[in-house]
Every structure is written in structure tokens, then in C-alpha cells.
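Hello,

Here is the structure you asked for. My notes follow below it.

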Amino acid sequence: MKSEKEIVLNIPKDCDNSPKRRIIRDFVVAFYKKDWQKINEMLEDKFTFKIIGNRNIETDDEFVKYLHSFINVVELNIDEILSHGKYGACNGTIKYKAKEVNYAYFFEFQSAGKNTIKTISEYKVINQ
């Protein structure tokens with residue numbers, strides 16, 4: 001029987017030569033495993049998580065509540081991860097037991113030289 005944190009992962013293997021790409025990959029994996037401790041290590045103390053078309057999250061408590069509000073993912077696919085300067089992005093699909101969702105995340109890091117995340121924008125589209 002799978003535990004909550006066991007997810008089938010299909011992720012790019014070529015992220016290790018770019019610290020920001022690795023952080024984006026690790027963030028998305030930790031996000032869908034609901035691993036707040038790991039996520040928190042990657043975030044600036046003052047961060048914004050933008051759920052596009054819905055609301056912004058700016059506190060640890062709100063973020064943890066959001067993490068635990070969605071259904072457990074059974075498969076995570078990361079298609080591409082890009083980074084340039086203090087910005088990065090990734091996209092892919094997540095699969096639940098009964099549906100599939102396309103996602104994209106856009107990241108702003110504290111600076112080009114600092115690898116902590118300041119802002120994340122989340123876009124999701126449910127496949128019908």
C-alpha cells in the first residue's frame with residue numbers, strides 16, 4: 001500500500017548542473033509530497049505564493065493549510081524546467097486517481113546569486 005508521500009515521479013535528470021533548476025525540481029516534488037519542512041528551507045522568510053485566479057498566500061500557516069487541502073497525487077510529471085538570472089519556471093502534469101491536471105509554476109528567487117524563493121505563481125488546468 002502506498003503512503004501519502006509515495007508518488008510515481010517522472011522528472012528531468014539533467015537539473016544537477018544548475019542550482020536553480022535543481023531547487024525548482026526539488027520544490028515541486030516536495031510540494032506534491034506535502035513536505036513542508038523541505039519547502040520551508042527553500043523559501044525566503046517573506047514569500048508570496050500566488051494561486052492565479054484565486055488568492056495569494058503569504059504566511060507559513062496558510063501555506064501548510066493549502067498543502068493539506070488538495071487530494072494526494074499518485075503521479076508527478078515535470079516536463080521542462082527553465083531558469084535565467086533570478087527567474088525560473090516549470091510545467092508538467094499531476095495525476096490523481098480520477099483526474100489529471102496540467103500545471104505551470106513561475107519562480108522569482110531573492111536574486112540571481114541567492115537561491116531562496118521569493119515568489120511563486122501557480123497555474124493549473126484540469127483535463128476534462
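Which helix gives the most to the negative patch? Helix 3 (residues 60-67) does, with three residues. Helices here are DSSP runs of H or I with at least four residues, strands are E runs of at least two, and both are numbered from the N terminus.

Before the details, two notes on the source. This is a predicted model: local features need pLDDT of at least 70, side-chain atom pairs count only at pLDDT 80 or more, and totals for chains, interfaces and linings use all residues. Residues are numbered from 1 along each chain as its sequence is written, and side-chain values use heavy atoms, with hydrogens and water left out.

**Negative patch**

The members are Asp45, Glu58, Asp60, Asp61 and Glu62. Patch residues have over 30% relative accessible area and no salt bridge, with like charges joined within 9 Å. Charges are placed at CG of Asp or CD of Glu. Glu62 lies in helix 3. Glu62 is partly exposed, at 31% relative accessible area. (Buried is under 20%, exposed over 50%, partly exposed in between, with a 1.4 Å probe and protein chains only.)

**Fold**

The protein has three helices and seven strands. Their order along the sequence is β-α-α-β-β-α-β-β-β-β. The radius of gyration is 14 Å, close to the 14 Å from the globule rule for 128 residues, so the protein is as compact as a globular protein of that length. (The radius is taken over C-alpha atoms; the rule is 2.2 Å times the number of residues to the power 0.38.) The C-alpha atoms fill a box of roughly 40 × 35 × 30 Å along the principal axes. Buried residues make up 44% of the 128 residues.

**Salt bridges**

The count is seven. The rule: a side-chain nitrogen of Lys or Arg within 4 Å of a carboxyl oxygen of Asp or Glu.

- Glu75 and Lys95 pair at 3.9 Å, N to O. Glu75 is in strand 4 (residues 75-84) and Lys95 in strand 5 (residues 87-95), 20 residues apart. Lys95 is partly exposed at 27%. Glu75, Lys95 and Glu100 are linked in a network of salt bridges.
- Glu108 and Lys118 pair, with the closest N and O atoms 4.0 Å apart. Glu108 is in strand 6 (residues 100-109) and Lys118 in strand 7 (residues 117-126), so the pair ties together parts ten residues apart in sequence. Glu108 is buried at 17%, whereas Lys118 is partly exposed at 32%.
- Glu122 and Lys124 pair at 3.5 Å between the closest N and O atoms. Glu122 is buried at 3%; Lys124 is partly exposed at 31%.

Best wishes

Notes:
Patch = residues over 30% accessible without salt bridge, like charges linked within 9 Å, V, L, I, M, F, W, Y side chains within 5 Å. Areas by Shrake-Rupley, 256 points an atom, 1.4 Å probe, with all protein chains shown as cover. Lys, Arg positive; Asp, Glu negative; His and termini not counted.
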